[in-house]
Amino acid sequence: MSTHRQNFIDAMRQVASTVTVVTTDGPAGQAGATVSAFSSLSADPPSVLVCLKADSRIAEAVAANGTFCVNILSEDGVELAQRFAGAFDQMTPDRFEGLDVNNTEFGPTLPRATSFTCTMRHRHVHGSHAICIGDVTGISNAGEKPLTYMSGTFHIVRPQADD
């Protein structure tokens, strides 16, 4: 491993990000995974981007289905984040088992998550990841405080106190 690569990884661990689960459903089947790279892209047209490990099951399913759903987890969503990161795959191989999801044609939306349903507009592979740009077709704003992740641990967001 090069020093440059390790320095990059170490610095990126200091960047807090919302915890998101990308889901998809369609001809290639249902899939879901916790991802760390999600961002709004444009308001005109409303669009977002997610970065998925290019050779992962979720990336292949999103590419084949042409749709995806981004679920921003609420601050009490640690177990969901871990479930979709694969922490319980030995015990529960179906990551959706027992969850009260709302099944859409784009992918399941998760409980208490703010969700963006998307149609894939572009997909570009760069290095190890596929950058998936989606046109937002629907929004479910849960109005919850988001779960965040930084330095290998989950965090909750609180306003800074006025002095």
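Guide: Start with Val15. In this predicted model, Val15 sits in the loop that runs between helix H1 (3–12) and strand E1 (17–18).

Now the largest pocket. How much space does the largest pocket hold? The figure is about 1100 Å³. Its lining counts 32 residues, and the closest to the centre are Ser17, Val35, Ser36, Ala37 and His129. Several elements give two or more residues to this lining, and H1 and E1 are among them. Sort the lining of the largest pocket by class, and you get 18 nonpolar, 11 polar and 3 charged residues.

Next, the second largest pocket. Its volume is about 150 Å³. Among its lining residues are Gln30, Ala31, Gly32, Ala33, Arg57 and Ile58. Asp89, Pro93, Asp94, Arg95 and Phe96 line this pocket too. Which element gives the largest share of the lining? The answer is E3, with 3 residues. Helix H2 (57–65) supplies at least two. By class, the lining of the second largest pocket has 5 nonpolar, 2 polar and 4 charged residues.

Two of those lining residues, Asp89 and Arg95, also pair up. Their side chains meet in a salt bridge, at 2.7 Å from N to O. Asp89 is partly exposed, at 27% relative accessible area.

How many salt bridges does a search of the whole structure find? It finds 6. Take the one between Glu75 and Arg158, where N and O are 3.1 Å apart. Glu75 is in the loop between strand E6 (67–72) and H3, while Arg158 is in the segment after strand E10 (153–156), so this pair ties together parts that are 83 residues apart in sequence. Both ends are partly exposed: Glu75 has a relative accessible area of 26%, and Arg158 is at 44%.

Another salt bridge joins Arg112 and Asp76, with the closest N and O atoms 2.2 Å apart. Arg112 belongs to the loop between H3 and strand E7 (114–126), and Asp76 to the loop between E6 and H3, so the pair ties together parts that are 36 residues apart in sequence. Arg112 counts as partly exposed, at 41% relative accessibility. There is a third partner here. Glu144 is linked with Asp76 and Arg112 in a network of salt bridges.

Stay with Arg112 for a last stop, at Ala142. Where is Ala142? Look in the loop between strand E8 (129–140) and E9. Ala142 is 30 residues from Arg112 in sequence, yet their C-alpha atoms are 5.8 Å apart in space. Ala142 is partly exposed, with a relative accessible area of 31%.

Technical notes
Residues are numbered from 1 along each chain as its sequence is written. This is a predicted model: local features need pLDDT of at least 70, side-chain atom pairs count only at pLDDT 80 or more; totals for chains, interfaces and linings use all residues. Side-chain values use heavy atoms; hydrogens and water are left out. Helices (H or I, at least four residues) and strands (E, at least two) are DSSP runs, numbered from the N terminus. On a 1 Å grid over the protein atoms alone, a cavity is a set of points where a 1.4 Å probe fits but cannot get out, and a pocket is an open set with protein on both sides within 12 Å along at least five of seven lines; lining residues have an atom within 4 Å of a point. Grid points are joined across faces, edges and corners, and a volume is the space filled by probe spheres set on the points. Ala, Val, Leu, Ile, Met, Phe, Trp, Tyr, Cys and Pro count as nonpolar, Asp, Glu, Lys and Arg as charged, and the others, Gly among them, as polar. Buried means under 20% relative accessible area, exposed over 50%, partly exposed in between (1.4 Å probe, protein chains only). A salt bridge is a side-chain nitrogen of Lys or Arg within 4 Å of a carboxyl oxygen of Asp or Glu.
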